[in-house]
Amino acid sequence: MRVFAIADLHLAFSVPKPMTVFGPQWAGHPQAIFERWREVVRPGDLVLLPGDLSWAMRLPEAVQDLMPVAELPGTKVLLRGNHDYWWPTISRLRAALPPGMFAVQNDALRFGGPGQPNVVVCGTRGWLTPASEAFGPDDARIYAREAERLRLSLQAARTLADDTTRTLLMLHYPPTGPQFAASAFTDLIDEYRPDQVLYGHLHGLPLERSLQSWHGIQAHLVAADVLKFRPKLILEL
């Protein structure tokens with residue numbers, strides 16, 4: 001099994017929203033993602049999608065954006081981003097997702113099979129951290145809630161893990177604050193020690209300026225524009 005990741009698809013087939021307002025590199029970005037996805041991902045692979053998937057406001061519209069992704073090679077695992085306003089209750093979402101597409105929220109999922117290498121995927125959206133200049137009272141409430149959701153997800157991952165598994169933690173926001181300041185999210189990473197951490201949300205940031213490890217745990221910025229719209233191979237078993 002190979003595991004790829006790419007965040008921030010920002011699809012808008014149902015609710016048009018031109019991404020070129022964020023820079024000329026976004027021109028035709030869905031086609032670029034789909035073409036480069038097909039170049040690297042095979043049907044037996046796993047693709048992690050940590051947030052900001054669709055600009056839709058309602059689930060039926062979002063499903064229109066997700067269907068072309070579902071038709072691409074590989075099994076897909078979704079996480080909510082800060083712009084995924086369409087994301088409903090997890091039970092309703094799972095009932096609406098196309099075959100081969102899964103979602104994580106307050107829990108974890110295991111992929112693989114008997115006698116095969118296995119991957120456990122967990123995570124939560126995350127949020128601004130107290131070290132951020134814009135952090136306010138409303139942010140404090142969401143931050144605490146997201147930290148608890150991360151704890152629940154990591155606990156669930158631990159129950160699914162064994163000597164044959166690798167645990168992959170998805171966040172939409174980076175787990176650190178400015179200048180890589182520690183947070184409740186990094187405290188939980190220290191406590192549970194997932195094998196790798198993936199995050200998106202940051203656009204136009206050179207990879208060399210992104211968080212690439214935390215206390216010996218490899219971290220990956222997988223925002224689509226940073227990856228030049230090509231899913232990143234993060235694990236090969």
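Nine salt bridges are found in a search of the whole structure, a salt bridge being a side-chain nitrogen of Lys or Arg within 4 Å of a carboxyl oxygen of Asp or Glu. The model is predicted: local features need pLDDT of at least 70, side-chain atom pairs count only at pLDDT 80 or more, and totals for chains, interfaces and linings use all residues. Residues are numbered from 1 along each chain as its sequence is written, and side-chain values use heavy atoms, leaving out hydrogens and water.

Arginine 2 bridges to aspartate 45, with the closest N and O atoms 2.7 Å apart. The partners are 43 residues apart: arginine 2 sits in strand E1, aspartate 45 in the loop between helix H1 (29–40) and strand E2 (46–50). Helices (H or I, at least four residues) and strands (E, at least two) are DSSP runs, numbered from the N terminus. Arginine 2 is buried at 11% relative accessibility. Aspartate 45 is buried at 4%. Buried means under 20% relative accessible area, exposed over 50%, and partly exposed in between (1.4 Å probe, protein chains only).

Arginine 149 pairs with glutamate 146 at 3.3 Å between the closest N and O atoms. Both lie in helix H4, three residues and about one helical turn apart. Arginine 149 is partly exposed at 24%, whereas glutamate 146 is buried at 1%. Shared partners join Arg125, Glu146 and Arg149 into one salt-bridge network.

Strand E1 (residues 2–5) also pairs with E11, antiparallel, over four bridges. Strands pair if DSSP finds at least two bridges between them. Phenylalanine 4 has leucine 233 in E11 as its bridge partner.
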